Amino acid sequence: MMRSLLALAFVLIATVAQAVQPDEILDDPALEARAREISQGLRCLVCQNENIDDSNASLARDLRLLVRERLLEGDSNEETVDYIVDRYGEYVLLKPTTGGWNWLLWAAGPLLFVFALLTGAVYIRGRSRAAAPAEAGLSEDEKARLEQILRD
């Protein structure tokens, strides 16, 4: 019994993901759906890896309210996102654009991976072409000493 109650408690805690307060929800379901869609792509600047709908930070609440305010004023989804990006910078986007200098960030991972593969191939090829170390045999003194040890 106790185990099932604990399991139920963990499930309930895990399902509570949204931090949107009831007083933030718009009366118009279509506008609220648009606000939720926009919020999924905006980063909480405090939590840094959560969208603003999942964050309990006060700045995330301010951003949620700002999104809803812009939608009530008649802005489109793109205009709302552009307004927030102009105000807070591109860092507020969970998925940054690939324009401008951001292409370097998007390309850095694959480019470094290809560079590592090429470096590894050159190293392995160089190792396979290297001459094997010559085996130096025993000197005459070493042979005599070995013969003496084996006889004793």
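Reply: Let us begin with contact, which means heavy atoms within 4.5 Å. S39 touches N51, I52, D53 and R68, not counting residues up to four places away in sequence. Please note that this is a predicted model, in which local features need pLDDT of at least 70, side-chain atom pairs count only at pLDDT 80 or more, and totals for chains, interfaces and linings use all residues. Residues are numbered from 1 along each chain as its sequence is written, and side-chain values use heavy atoms, with hydrogens and water left out.

Me: Is S39 buried or exposed?

Reply: Buried means under 20% relative accessible area, exposed over 50%, and partly exposed in between (1.4 Å probe, protein chains only). S39 counts as buried because its relative accessibility is 0%. Of the 152 residues of the chain, 22% count as buried.

Me: How many helices and strands are there in the chain?

Reply: Helices (H or I, at least four residues) and strands (E, at least two) are DSSP runs, numbered from the N terminus. The chain has six helices and zero strands, and its pattern along the sequence reads α-α-α-α-α-α. S39 is found in helix α2.

Me: Which residues of α2 are buried, and where do they lie around the axis?

Reply: An α-helix has 3.6 residues a turn, so residues three or four places apart point the same way. In α2, the buried residues are L31, E32, A35, I38 and S39. They lie on the same side of α2 because they cover an arc of only 125° around the axis, the arc being that of the directions from the helix axis to the C-beta atoms. These buried residues pack against α3 and α4.

Me: What does the face of α2 turned away from its buried side carry?

Reply: That face carries the exposed residues P29 and E37. E37 counts as exposed because its relative accessibility is 55%.

Me: How many residues has the largest nonpolar core?

Reply: A nonpolar core is a set of buried Ala, Val, Leu, Ile, Met, Phe, Trp, Tyr and Cys residues joined through side-chain atoms within 4.5 Å. The largest one here has 17 residues, and those with the most contacts inside it are L42, I52, V67, L71, I84 and V92. At least two residues of this core come from each of α2 (29-39), α3 (58-72) and α4 (77-88). The largest share, five residues, is supplied by α3. Leaving aside neighbours within four places in sequence, V67 is in contact with A35, I38, L42, I52, T80 and I84.

Me: Why does A60 count as buried?

Reply: A60, found in helix α3, counts as buried because its relative accessibility is 0%. Beyond its neighbours within four places in sequence, A60 is in contact with C44, I52 and S55. The C-alpha atoms of A60 and C44 are separated by 5.4 Å, while the two residues are 16 apart along the chain.

Me: Which residues form a nonpolar patch on the surface?

Reply: Like charges are joined within 9 Å, and nonpolar side chains (Val, Leu, Ile, Met, Phe, Trp, Tyr) within 5 Å. Here F113, V114, L117 and L118 form such a nonpolar patch, with about 410 Å² of accessible area together; accessible areas come from the Shrake-Rupley method with a 1.4 Å probe, and for residues only the protein chains shown count as cover. V114 is found in helix α5 (residues 102-129).

Definitions and conventions: Patch = residues over 30% accessible without salt bridge, like charges linked within 9 Å, V, L, I, M, F, W, Y side chains within 5 Å. Salt bridge = Lys/Arg side-chain N within 4 Å of Asp/Glu carboxyl O.
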